[in-house]
Amino acid sequence: MKNAIYSAVAALMVMSASAAQAVTITYDYATPSDGSGKTSQLAGAGNQSTGNVFVETFDRADGTGGQTLSSSQLTITPISGGGFGYAKGSLDGVYAAPAGDVTHFAYGPNQGSGSSSAEVNFNYAGLLSTLGTNASLNYFGLYYGSIDTFNDVTFYNAQGGVIQTVTGTDLITRFNGVSGDQSADSSNIYVNLFFRPEEQFTSFSFTTTSPAFEVDNLVVGYQVDVPEPASLALLGLGLAGLGLARRRNKK
């Protein structure tokens, strides 16, 4: 029932600083059969890539944590700070599994890096090159574990320009969550973002200024149907808009 409640209460049109640009955000999810807690409804209980939807679960077939999409489709690059790693369970002061997730997930900064911050970029240019000329992604979903106020996700276009930044503070505020809460639904949520044509993305970065960010079940899609704006606006009536921060273009 909780996923239905999230969809009904929290789905709305999120407007950026420009009236011509918008991102639609919802919080509905499917319960995957692999024990990873929450995933996109587009991936379903099987939590698998299908058609125009591509899933990164961080569970390699050999049973160790690691990238599951081909490196020719998805390039994961540490940009700054302590990079990232893969883990199960929790390690005090280093990482905590998203609530209900008993599988591998990605986190940063990596254990033993000596850094308290990290930025990691996920680039789908390789995948997009197989999908046709000028293909781009208009859907993004992730299971965001124990969201902290110092966690951000920034989206970039093919030229490296910033499209939007979604801050941990905004998501916590939306659900009256508690920063770093490792068990509450209000701080362990599945986030779905639907981008307008002029805002479709090629890559995104996780940024944290303190341990840690924890994410699982990253799902991207192209030519995904966007929920009806009119319906979402009605559902969001009376709710404050989710703040989306804009940053300078990536240098």
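Predicted model: local features only at pLDDT ≥ 70, side-chain atom pairs only at ≥ 80, totals over all residues.
A few ground rules come first: local features need pLDDT of at least 70, side-chain atom pairs count only at pLDDT 80 or more, and totals for chains, interfaces and linings use all residues. Residues are numbered from 1 along each chain as its sequence is written, and side-chain values use heavy atoms, with hydrogens and water left out.

Start with the greasy part. A nonpolar core here is a set of buried Ala, Val, Leu, Ile, Met, Phe, Trp, Tyr and Cys residues joined through side-chain atoms within 4.5 Å. Buried stands for under 20% relative accessible area, exposed for over 50%, and partly exposed for anything in between (1.4 Å probe, protein chains only). The largest such core has 40 residues, and F122, Y124, F140, F155 and F204 are the ones that touch the most other members. Apart from it lies another core, of 11 residues, among them Y29, A99, Y190 and V219. As a rule, nonpolar side chains in soluble globular proteins tend to be buried together.

With contact taken as heavy atoms within 4.5 Å, and residues up to four places away in sequence ignored, F204 touches V120, N121, F122, Y124, F140, V153, T154, F155, Y156 and L218.

Rings of Phe, Tyr and Trp (its six-membered ring) pair if their centres lie within 6.5 Å; planes under 30 degrees apart are stacked, over 60 edge-to-face, and the rest tilted. On that basis the whole structure has 20 aromatic pairs. In one of them, the ring centres of F140 and F204 are 4.6 Å apart with planes at 65°, so the pair is edge-to-face. Helices (H or I, at least four residues) and strands (E, at least two) are DSSP runs numbered from the N terminus. F140 sits in strand β8 (residues 139-145) and F204 in strand β12 (residues 203-208), so this pair ties together parts 64 residues apart in sequence. F204 also pairs edge-to-face with F206, at 5.4 Å centre to centre and 80° between the planes.

F206 turns up again among the contacts of V215, along with F58, F105, A106, L142, Y143 and Y144, once neighbours within four places in sequence are set aside. V215 belongs to strand β13 (residues 213-221) and has a relative accessible area of 0%.

K38 and D185 form one, with the closest N and O atoms 3.4 Å apart. That pair links distant parts of the chain, with K38 in the loop between β2 (22-26) and β3 (53-56) and D185 in the loop between α3 (168-174) and β11 (189-195), 147 residues apart. K38 counts as buried, at 5% relative accessibility. A polar atom of the K38 side chain also lies 2.8 Å from the backbone oxygen of N188. The charged end of K38 sits over the ring of Y29, 4.8 Å from its centre (NZ of Lys or CZ of Arg within 6 Å of the ring centre and within 35 degrees of the ring normal).

Another salt bridge joins R60 and D62 (3.5 Å, N to O), with D62 exposed at 53% and R60 partly exposed at 39%. R196 and E198 also meet in a salt bridge, at 2.9 Å from N to O.

Conventions. Salt bridge = Lys/Arg side-chain N within 4 Å of Asp/Glu carboxyl O. Polar contact = N/O pair within 3.5 Å; in protein donor to acceptor, adjacent residues only side chain to side chain.
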